[in-house]
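Hi,

Here is the structure I promised to pass on. Have a look at it first, and then read my notes below.

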Amino acid sequence: MSLDFLPWVPPSIAIRNSSDRFPVRRIYTIGRNYADHAAETGLGQKAGSVPGVSLKPADSLINDGDTLVYPPATQQLDPEVEMVIAIDRAGENISESSALEHVFGYAVGFDMIRRDIMRECIANEHSWDLCKSFAGASPVGSITPVSEIGHPHRGAITLSVNGDTRQVGDISDLIWGAAEILSRLSHYSALHPGDIVFTGTPKGPRPVEKGDTLAGAIEGVGDLTIGIA
Ligand code: MN
């Protein structure tokens, strides 16, 4: 007997100055990777606390210019503006000194979160996958290749909603930089081409509503605009 549906086609991201697209495999997100945001969450304040890692399904990806349909089962949808690392070379147990050789490029992403569900999961000591796995939870803008911009270490990262600035930070304030993130992740699972990593958000995420327009930018990296409907 044969299946009556087509195989799943991975979602993909535009590449700046190219007609090729970057197919997405795993989506990692690093949490509490800016000290000012870690402090405002009230989480991870114990001595020796380090940034955390979670995963989002690849089918939650949407692109620049897309509209995110406000997800069900939430009263608090928060966008977190983040730098995204795109990986094009496999590896495991990668050293920090060679980790950047695995990077294809960088982009702006919004790590969209059903914050009320996240809080409920934390309160009940459950995994918080449901807060980050809804349709449209992972908007990512065009990838700018390393061949064009190298590896950005500083630059303003901003989010505005309907033209009003919500979040302002600088990627130089990342607690784990790109090399450290990729090295750490690769000691738990092999990295593969198509994996992308959201690197964390600076302080100030606040809820958005239907009808809002979200615009993110990272100086020297790129930008991303989506609507909420
Ligand atoms: Mn995040």
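A search of the whole structure, which is a predicted model, turns up 7 salt bridges. Here are some of them.

R25 pairs with D195, with their closest N and O atoms 3.0 Å apart. R25 sits in the loop between β2 and β3 and D195 in the loop between α5 and β13, so this pair ties together parts 170 residues apart in sequence. R25 is partly exposed at 36% relative accessibility, whereas D195 is buried at 0%.

R89 and E101 form another salt bridge, at 3.6 Å between the closest N and O atoms. R89 is partly exposed, with a relative accessible area of 40%, and E101 is partly exposed too, at 47%.

Then there is K56, whose side chain meets that of D111 in a salt bridge of 2.7 Å, N to O. K56 is in strand β4 and D111 in strand β8, 55 residues apart. Both K56 and D111 are buried, and together with K132 they are linked in a network of salt bridges.

D111 also turns up at the metal site: the manganese ion is coordinated by E80, E82 and D111, at 2.1 to 2.2 Å. Along the chain these donors follow the spacing E-x1-E-x28-D. E82 belongs to strand β7, 29 residues from D111, and E82 is buried as well.

T74 is buried, with a relative accessible area of 7%. Its side chain makes a polar contact with the side chain of D116 at 2.6 Å, and a polar atom of the T74 side chain lies 3.0 Å from the backbone nitrogen of Q76.

Cheers

Notes:
Residues are numbered from 1 along each chain as its sequence is written. This is a predicted model: local features need pLDDT of at least 70, side-chain atom pairs count only at pLDDT 80 or more; totals for chains, interfaces and linings use all residues. Side-chain values use heavy atoms; hydrogens and water are left out. Donors are N, O and S atoms within 2.8 Å of the metal (3.2 Å for Na, K and Ca); water is not among the atoms, so sites may look incomplete. Helices (H or I, at least four residues) and strands (E, at least two) are DSSP runs, numbered from the N terminus. Buried means under 20% relative accessible area, exposed over 50%, partly exposed in between (1.4 Å probe, protein chains only). A polar contact is a pair of N or O atoms within 3.5 Å; within protein, one must be able to donate a hydrogen and the other to accept it, and residues adjacent in sequence count only if both atoms are side-chain atoms. A salt bridge is a side-chain nitrogen of Lys or Arg within 4 Å of a carboxyl oxygen of Asp or Glu.
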